[in-house]
Amino acid sequence: SVMKSIDSLLNRKFDRDNYHCVHLLIDAGKHLFDYDFSHCFLGLTGSLDNKLEPTKQSMKQGELVAKPSTGTIVLMMTLDNRHHVGLYYCGRILHLSELGTRYETLRTIKRQYKKVRFYDVKDFPQRA
């Protein structure tokens, strides 16, 4: 499958209330795969001050897997116990931090976050 450029996603600015990691993941899914991940994050697109807890309901859309592949959702936990999400794409993790869009290796992510889990969404069209 042809890999799309992530360039258009790299200029996103973090905004705690209006544009955070969940919004970037949803935009990335639409841009890269023509797939809408919104149903995985019901109620999680509000301000980050409402705790960003992936609910059991939303995670029923996916299954926990040991290894990520392109299109896998990456759930991370910060050292101060906040949740963060990203999207695994072509061997790296695309995510929006307060510094802007990052595209980082799993190794780098594991140094920054204390817990990293992978979810494959059941109806995702192109598991590579």
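Mentor: Let us begin with contact, which means heavy atoms within 4.5 Å. Among contacts in this protein between residues at least 6 apart in sequence, 59% join residues at least 24 apart. The model is a predicted one: local features need pLDDT of at least 70, side-chain atom pairs count only at pLDDT 80 or more, and totals for chains, interfaces and linings use all residues. Residues are numbered from 1 along each chain as its sequence is written, and side-chain values use heavy atoms, with hydrogens and water left out.

Trainee: How many helices and strands does the secondary structure of the protein come to?

Mentor: Helices (H or I, at least four residues) and strands (E, at least two) are DSSP runs, numbered from the N terminus. Here there are 3 helices and 6 strands. Read from the N terminus, the elements follow the order α-α-β-β-β-β-β-α-β.

Trainee: In what order do the strands form the sheet?

Mentor: Two strands pair if DSSP finds at least two bridges between them. In this model, 6 strands make an open sheet with the order β1-β6-β2-β3-β4-β5, and the pairing is antiparallel. The edge strands, β1 (62–65) and β5 (100–104), each pair on one side only. From one strand to the next, the twist averages 30 degrees. For such angles, axes are lines fitted to C-alpha atoms, for helices over the stretch in contact, and angles run from 0 to 180 degrees between N-to-C directions.

Trainee: Which helix packs on the sheet, and which strands does it touch?

Mentor: Helix α1 (residues 21–33) packs there, touching β2, β3, β4 (92–97) and β5. The direction of α1 makes about 15 degrees with that of β3.

Trainee: How many bridges join β2 to β3?

Mentor: Strand β2 (residues 73–77) and strand β3 (residues 83–89) run antiparallel and are joined by 5 bridges. Leu-75 has Val-85 in β3 as its bridge partner. Next, β3 and β4 pair in the antiparallel sense over 4 bridges, and Tyr-89 stands opposite Arg-92 in β4. The hairpin of β3 and β4 has 2 residues between the strands, and Cys-90 in that hairpin takes a positive phi near 50 degrees. Strands β4 and β5, also antiparallel, are joined by 5 bridges; they form a hairpin with 2 residues between them. The bridge partner of Leu-96 in β5 is Thr-101.

Trainee: Is β4 mostly covered or mostly uncovered?

Mentor: A residue is buried under 20% relative accessible area, exposed over 50%, and partly exposed in between (1.4 Å probe, protein chains only). Strand β4 is mostly covered, with 5 of its 6 residues buried. Ser-97 belongs to strand β4 and is buried, with a relative accessible area of 12%. Not counting residues up to four places away in sequence, Ser-97 touches Phe-14 and Arg-102. In the protein, buried residues make up 47% of the 128 residues.

Trainee: How many aromatic pairs does the count come to?

Mentor: Rings of Phe, Tyr and Trp (its six-membered ring) pair if their centres lie within 6.5 Å; planes under 30 degrees apart count as stacked, over 60 as edge-to-face and the rest as tilted. By this rule there are 5 aromatic pairs. Tyr-35 and Phe-124 form an edge-to-face pair, at 5.2 Å centre to centre with 70 degrees between the planes. Tyr-35 lies in the loop between α1 and α2 (56–59) and Phe-124 in the segment after β6 (115–121), so the pair ties together parts 89 residues apart in sequence.

Trainee: Which aromatic pair is stacked, and are its members buried or exposed?

Mentor: Phe-37 and Phe-124 form a stacked pair, at 5.7 Å centre to centre with 20 degrees between the planes. This pair links distant parts of the chain, 87 residues apart: Phe-37 is in the loop between α1 and α2, and Phe-124 in the segment after β6. Phe-37 is buried at 0% relative accessible area, and Phe-124 counts as buried at 5% relative accessibility. One aromatic cluster is formed by Phe-33, Tyr-35, Phe-37, Tyr-89 and Phe-124.

Trainee: How many disulfides does the structure hold?

Mentor: A disulfide is a pair of cysteine sulfur atoms within 2.5 Å. The structure holds 0 disulfides. Cys-21 is buried, with a relative accessible area of 3%, whereas Cys-90 counts as partly exposed at 33% relative accessibility.
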